[in-house]
Amino acid sequence: MKRIPTPSIFLSFLIIFCGIWHTYADQSDSTASLRELAGKCDLYIGAAVTPERMQRDSQYRETLAREFNLITAENVMKFHILQPQRGKFNFAPADQLVEFAREQNMVQRGHSLIWHHMGTPDWVTKGDWTREELIEVMREHIHTVVRHFKGKVKYWDVVNEAIDPEKSHGFHESVWYRIIGADYIDLAFQFAHEADPDVLLCYNDFGGERLGKKSDAIFELAKGMQKRGIPIHGVGLQMHIRTHGYPEPEDLKANIARLGELGLQTQITELDVRLQEPVTQEKIERQAERYQEILQVCLESPTCTAYILWGFTDKSSWIPGFFKGYNDALIFNREYQPKPAYFSIQRTLMNHLQKENVRSH
Ligand code: GLA
């Protein structure tokens with residue numbers, strides 16, 4: 001019988017071992033949660049959540065804790081819920097989220113202190129205020145809320161959706177703008193900073209993702225605030241998008257880069273990719289590419305620190321109620337099964353890690 005020379009035996013074992021190891025490594029990688037992968041990429045991956053569903057749906061809680069390292073309150077940290085009547089604060093629902101984040105070792109994002117009529121109670125929007133009185137209302141709200149969550153919330157969206165480039169003065173005509181004037185934005189950031197000097201303060205808006213009128217206005221606002229010595233640390237780009245067109249990845253990247261030049265972080269704060277009904281496999285695949293494109297830009301941009309979805313399961317999303325004829329905007333289906341978008345995010349994070357490993361060797 002022919003004897004196999006010793007080095008060949010060794011080589012065969014080595015090949016078999018490498019094969020097994022490679023298969024194992026592949027499997028273990030492909031089952032890594034988004035949370036594990038994003039953590040290694042130094043990125044917050046988050047979702048907007050509601051305490052009602054959290055309470056009654058264990059799959060919701062489990063998926064959330066397994067896949068994400070950050071949560072945002074979908075509604076319960078907005079003014080109308082936290083202070084439905086003057087001086088009567090209702091922290092219970094928001095506290096539930098914060099407690100969940102603490103237990104699960106996740107970061108809590110605060111959203112949002114000052115918004116326009118949506119998210120602001122009637123007692124504020126319909127009040128007959130002088131400028132000084134309304135400033136006082138704002139101060140009381142921001143001080144009380146930010147102090148309540150001090151040390152528990154890492155980022156606050158201080159002002160949401162203040163800019164309207166279609167108006168000659170450039171601002172959304174909210175009660176805040178009408179009665180206080182454009183400097184309500186500066187004041188809101190100052191009040192938040194007074195209440196918690198360590199919390200990171202963001203301006204959040206939609207439609208400012210690509211280069212253009214709106215993102216120019218956001219950029220100028222942030223730059224002006226910095227010149228005036230107002231503490232601002234980041235800009236939130238909401239990113240409620242469709243499968244095609246806006247925003248082009250190159251534009252998004254350039255926009256994040258210029259905000260970065262001001263020393264500001266950018267966070268993708270409310271990403272969802274809505275599909276026009278009837279939902280087809282082709283649309284679901286295209287949706288996966290969109291989630292991937294945006295993540296890729298964020299990973300390639302050193303100042304993009306968070307990639308946050310507006311929900312995570314198609315069981316619970318604002319889309320069908322708001323955009324007639326659209327649905328299924330998220331990365332898990334109604335049974336909490338991952339959709340192609342989930343796997344495209346997972347693959348993109350894995351590829352990024354591999355590239356980074358190669359670079360650091
Ligand atoms: C805006 C707000 C969010 C949320 C979404 C839709 O983007 O910033 O808080 O209300 O609309 O639900």
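Met 239 counts as buried because its relative accessibility is 0%; buried means under 20% relative accessible area, exposed over 50%, and partly exposed in between, with a 1.4 Å probe and protein chains only. Good morning, colleagues; I begin with this residue and then turn to the core and the helices.

The model is predicted, so local features need pLDDT of at least 70 and side-chain atom pairs count only at pLDDT 80 or more, while totals for chains, interfaces and linings use all residues. Residues are numbered from 1 along each chain as its sequence is written, and side-chain values use heavy atoms, with hydrogens and water left out.

Met 239 lies in the loop between β6 (234-237) and β7. Helices (H or I, at least four residues) and strands (E, at least two) are DSSP runs, numbered from the N terminus. The phi of Met 239 is near 70°, a positive value in a residue other than glycine. Tyr 336 also has a positive phi, of about 65°, although it is not a glycine. Tyr 336 is found in the loop between β10 (326-327) and α15 (340-360), and at 5% relative accessibility it counts as buried. Most residues other than glycine have a negative phi, and most peptide bonds are trans.

Another runs from Glu 277 to Pro 278, with omega near 0°; Pro 278 is in the loop between β8 (265-276) and α13.

I turn next to the core. A nonpolar core is a set of buried Ala, Val, Leu, Ile, Met, Phe, Trp, Tyr and Cys residues joined through side-chain atoms within 4.5 Å. Which residues touch the most other members of the largest one? Among its 102 residues, they are Leu 64 and Trp 156. Helix α10 (residues 184-195) supplies the largest share of this core, 8 residues. A second, separate core has 7 residues, including Tyr 44, Val 107, Tyr 155 and Ile 308. Beyond its neighbours within four places in sequence, Trp 156 is in contact (heavy atoms within 4.5 Å) with residues including Met 77, His 111, Phe 149 and Leu 201.

Helix α10 also packs against another helix. The axes of α8 (residues 131-148) and α10 come within 8 Å and cross at roughly 35°; axes are lines fitted to C-alpha atoms, for helices over the stretch in contact, and angles run from 0 to 180 degrees between N-to-C directions. Residues of α8 including Ile 135, Met 138 and Ile 142 take part in the contact with α10, where Leu 187, Phe 191 and Ala 195 are among the partners. By class, this contact has 10 nonpolar, 1 polar and 3 charged residues.

The other pair is α12 (residues 249-261) and α13 (residues 281-300), whose axes come within 10 Å and cross at roughly 30°. Pro 249, Leu 252, Lys 253 and Ile 256 in α12 meet Glu 293, Ile 294, Val 297 and Glu 300 in α13.

Finally, Arg 347 lies in helix α15. Is Arg 347 buried or partly exposed? At 48% relative accessibility, it counts as partly exposed. Arg 347 and Leu 34 are 313 residues apart in sequence, yet 9.5 Å apart in space, C-alpha to C-alpha. Thank you for your attention.

Note on methods:
Ala, Val, Leu, Ile, Met, Phe, Trp, Tyr, Cys and Pro count as nonpolar, Asp, Glu, Lys and Arg as charged, and the others, Gly among them, as polar.
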